[in-house]
Amino acid sequence: MIPYGRQDITEADLDAVAAVLRSDFLTQGPRVPAFEDAVAGHVGAAHGVAMNSATSALHVACLALGLGPGDRLWTQPISFVASANCALYCGASVDFVDIEPDTFAMSVDALAAKLERAEAAGTLPKVVVPVAMGGLPPDLAGIRRLADRYGFKVVHDASHAIGARWDGAFVGAPGQADITVFSFHPVKIVTTAEGGMAVTQDAALARRMAMLRSHGITRDPAAMTEASHGPWYYQQVALGLNYRMTEMQAALGVSQMMRLDDYVAARMARADAYDAALAGLPLALPGRRAGASSSWHLYVVRLDDPSRHRAVFEGLQADGIGVNLHYIPIHTQPYYAAMGFAPDAFPASMDYYARAISIPLFAQMTDDQQEAVTRALRRQLA
């Protein structure tokens, strides 16, 4: 079976993790700050806060921005459920904005129309979470203009998109979002096994996220409510969580980051090869965006004929092609449907779901593997 994604672990990665296991620190040592510096430095962010998952990073980002009961968070239906769940963890409510049909990103036109209605009704969101689906950034400039007009904060769920670019800068650079979140799950561009990171330009936000990921505890005298009792002293000043990343994970991440540009270049080459090989078949290829480049975490095709969706998906699996579907629209999940979201409320997302198939794409994919995928697709669509 050719998997839809696969991590690449080298001897250098193994050596980096083994060195930590032989060291004095397995957690809360020097490798986590080194990984934070490696990611933030690469993308051009001022601060990075590493956590045990991107889900944790989304949650802490929302907490740091003050999201809570009575507030609203908007995201898009086509994403993993974590993009919406982070609001519920904070006691806030969730709503959705439909996607652009070709890029699978939050539609700025749909967002603008929904914001206009919400302003009139007094129901504006406090936080909006656009998603870089498959690694392609959404229209960050358009979303920023709306954020400045309506006063909401932007948490860019870039779990798929480390190494992607927007307007010449890496995703996570200044001016794009208040907080950008990356994932380092094994099928992502670089991996720490499990892990995530929030990057920001705002030092106060970074300090608050760092505190919240570790029980809400601080040893910083400036953040305490009274003078220190001694060198042992700490205070819990907020209700935080245990979302810390381990030293082993961070060491793996530092090693992997050294190959990030190579991984993205390899994925781009495979995506270009798919574009050429699949042209003319009865399906739509992933959209591109002017001024942006994807990191190509996913390559999602959409069948022209949705009635063949399941048959083609199962036929590809039978041919040894590890296809997947990213994602089932969040608002149709039973937990969210019980909140009253109607399946047809977001038609572009539902049309996507009826047609989409994620086909294999990973940095170490061979020519023979890619040809096997394209050959199987041609056979299933014949």
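Predicted model: local features only at pLDDT ≥ 70, side-chain atom pairs only at ≥ 80, totals over all residues.
Two strands count as paired if DSSP finds at least two bridges between them.

Thr75 belongs to the pairing of strand 2, residues 72-75, with strand 4, residues 127-129. Three bridges join these two strands, and they run parallel.

Seven strands make up an open sheet, in the order 1-9-8-5-4-2-3, with mixed pairing. The edges are strand 1, residues 47-51, and strand 3, residues 93-96; each has a single partner strand, so one side of each is left without a neighbour in the sheet. On average, and ignoring direction, neighbouring strands are turned by 20° against each other.

Next, strand 8. Five of its five residues are buried, so strand 8 is largely enclosed by the rest of the structure. As for partners, strand 5, residues 153-157, is joined to strand 8 by three bridges, and the two run parallel. Within that pairing, Val155 has Ile179 as its bridge partner. Strand 9 is joined to strand 8 by four bridges, and here the strands run antiparallel. Ser183 stands opposite Gly196 in that strand.

On to the helices. Helix 2 lies across strand 1, strand 8 and strand 9, and runs at about 130° to strand 1. Helix 2, residues 31-43, also meets helix 8, residues 247-257: their axes come within 8 Å and cross at roughly 35°. That crossing is left-handed. Helix 2 contributes Arg31, Val32, Ala34, Phe35, Ala38, Val39 and His42 to the contact, while helix 8 contributes Glu247, Ala250, Ala251, Gly253, Val254 and Met257. By type, the contact residues are nine nonpolar, two polar and two charged.

Helix 7 covers residues 203-212, and its buried residues are Leu205, Ala206, Met209, Met211 and Leu212. These buried residues pack against strand 1, helix 3, strand 8, strand 9 and strand 10. At the start of helix 7, a side-chain oxygen of Asp202 comes to within 2.9 Å of the backbone nitrogen of Ala204.

Asp13 sits in helix 1, residues 11-21. Is Asp13 buried or exposed? It counts as buried, because its relative accessibility is 0% and the cut-off for buried is under 20%. What does the side chain of Asp13 make a polar contact with? The partner is the side chain of Ser255, at 2.5 Å. Setting aside neighbours within four places in sequence, Asp13 is in contact with Asp8, Leu252, Ser255, Gln256 and Arg259.

Lys114 is in helix 5, residues 108-121. Lys114 is buried too, with a relative accessible area of 15%. Not counting residues up to four places away in sequence, Lys114 touches Trp74, Asp95, Phe96 and Val97. Of these, Asp95 is joined to Lys114 by a polar contact of 3.2 Å between the side chains. Asp98 is 16 residues from Lys114 in sequence, and the C-alpha to C-alpha separation in space is 10.0 Å.

How values were computed. Residues numbered from 1 in each chain as written. Heavy atoms only, no water. Buried < 20%, exposed > 50% of the residue type's maximum accessible area, 1.4 Å probe, protein only. Polar contact = N/O pair within 3.5 Å; in protein donor to acceptor, adjacent residues only side chain to side chain. Contact = heavy atoms within 4.5 Å. Axes fitted to C-alpha atoms, helices over the stretch in contact; angles between N-to-C directions. Left-handed = near helix turned anticlockwise from the far one by under 90°. Nonpolar A, V, L, I, M, F, W, Y, C, P; charged D, E, K, R; others polar.
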